[in-house]
Amino acid sequence: MKLKDPIVLAGSLVISLAFAGCKKQDEKPPASEPATIYYKVKTTWPHDTDAFTQGLVIHNGVLYESTGQEGKSWIGVVDIQTGKPDKKVILENEFFGEGIAILNNKIYQLTYTTHKGFVYDLRTFKRLREFTYPGEGWGITHDGQNLIMSDGTEKLTYLDTATLKPIKSITVTDNHGVVNKLNELEYIEGFIFANRWQTNNIVKIDPKTGKVVGKMDLSALSQNAALRNSQADVLNGIAYHAGTKLFVVTGKNWPSYYVLQLSNPPSN
Ligand SMILES: [Ca+2]
């Protein structure tokens, strides 16, 4: 299902999730406080509430999702009209699937505590190889050259795509210190966006310095998801459609994907 058609649906959304960020207008944060990133919800798409989302990516207009939990981990191509995933990869029961990234016609997938990643052919979904890493596997994205993975700490590790070995890492910080629990990732126009586990925040990281330069507060979306599905878990999942500059976010067992357009601060 191509994304360009559903974007036309924008405007049909009736829920009132207008803006993120509740910073008072008269509050003067320190100069180094990350900038608040505001957004509008353009539309929503249905999301499979059985999907314990760990990875989300748009590639050539197609939405791919990966999920976790032993025995329930898959990689699917999502029909955004229905939310139904066409499950292309079903992981063996011993693996808890984590994030996915797509680069050079391959899908790279991490697993949680089993120190093992998998590489698949993008067209056939055939497993091409495995690789290992010492810590946990959480989120993964790429900057066009290297893979970038998170492991639940404040560290992001760059992997060479040929050897799948680490080549460098960065430590993510803001004006309060280290920023840990970095989870699902998306590299967008020179910055790494990461949602932080057990928070409603997505941080925008400058990969050159590791500094958090912006922050999105998705509390309104999380609350909306929880109201509509009592089983909804934490925010997890960031994808980006470069052609329209729209963000797609969701969470574990959330009933919707939220399609977001960045916006100016709300005016009162
Ligand atoms: Ca992603």
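Colleague: In the hairpin formed by S11 and S12, which residue of the turn has a positive phi?
Modeller: This is a predicted model, in which local features need pLDDT of at least 70 and side-chain atom pairs count only at pLDDT 80 or more, while totals for chains, interfaces and linings use all residues. Residues are numbered from 1 along each chain as its sequence is written, and side-chain values use heavy atoms, with hydrogens and water left out. Strands are DSSP runs of E, at least two residues, and helices runs of H or I, at least four, numbered from the N terminus. S11 and S12 have four residues between them, and the turn residue with a positive phi, of about 95 degrees, is glycine 144.

Colleague: Which residue of S13 is the bridge partner of methionine 149?
Modeller: Two strands pair if DSSP finds at least two bridges between them. S12 is joined to S11 by three bridges and to S13 by four, antiparallel to S11 and antiparallel to S13. Methionine 149 in S12 is the bridge partner of isoleucine 140. In S13, the partner of methionine 149 is threonine 157.

Colleague: Which strand gives the most to the lining of the second largest pocket?
Modeller: A pocket is an open set of points on a 1 Å grid over the protein atoms alone, with protein on both sides within 12 Å along at least five of seven lines; a 1.4 Å probe fits at the points but cannot get out of a cavity, and lining residues have an atom within 4 Å of a point. S12 and S13 each give two or more residues, and the most, three, come from S13.

Colleague: How many charged residues line the largest pocket?
Modeller: The largest pocket has a volume of about 340 Å³, and the closest of its 19 lining residues to the centre include His142 and Glu186. Strands S3, S7, S11, S17 and S21 each give two or more residues to the lining. Ala, Val, Leu, Ile, Met, Phe, Trp, Tyr, Cys and Pro count as nonpolar, Asp, Glu, Lys and Arg as charged, and the others, Gly among them, as polar. The lining has nine nonpolar residues and eight polar ones, and its charged residues number two.

Colleague: Which class of geometry does the calcium site have?
Modeller: The donors (N, O and S atoms within 2.8 Å of the metal, or 3.2 Å for Na, K and Ca; water is not among the atoms, so sites may look incomplete) come from Leu56, Glu184, Leu185, Glu186 and Ile238, at 2.3 to 2.8 Å. Leucine 185 and glutamate 186 are both buried. Six donors count as octahedral if opposite donors are over 155 degrees apart and all others between 65 and 115; four count as square planar by those limits, or as tetrahedral if all angles lie between 85 and 135 degrees, and anything else is irregular. With angles of 48 to 174 degrees among the six donor atoms, the site is irregular.

Methods:
Buried < 20%, exposed > 50% of the residue type's maximum accessible area, 1.4 Å probe, protein only. Points joined across faces, edges and corners; volume = space filled by probe spheres on them.
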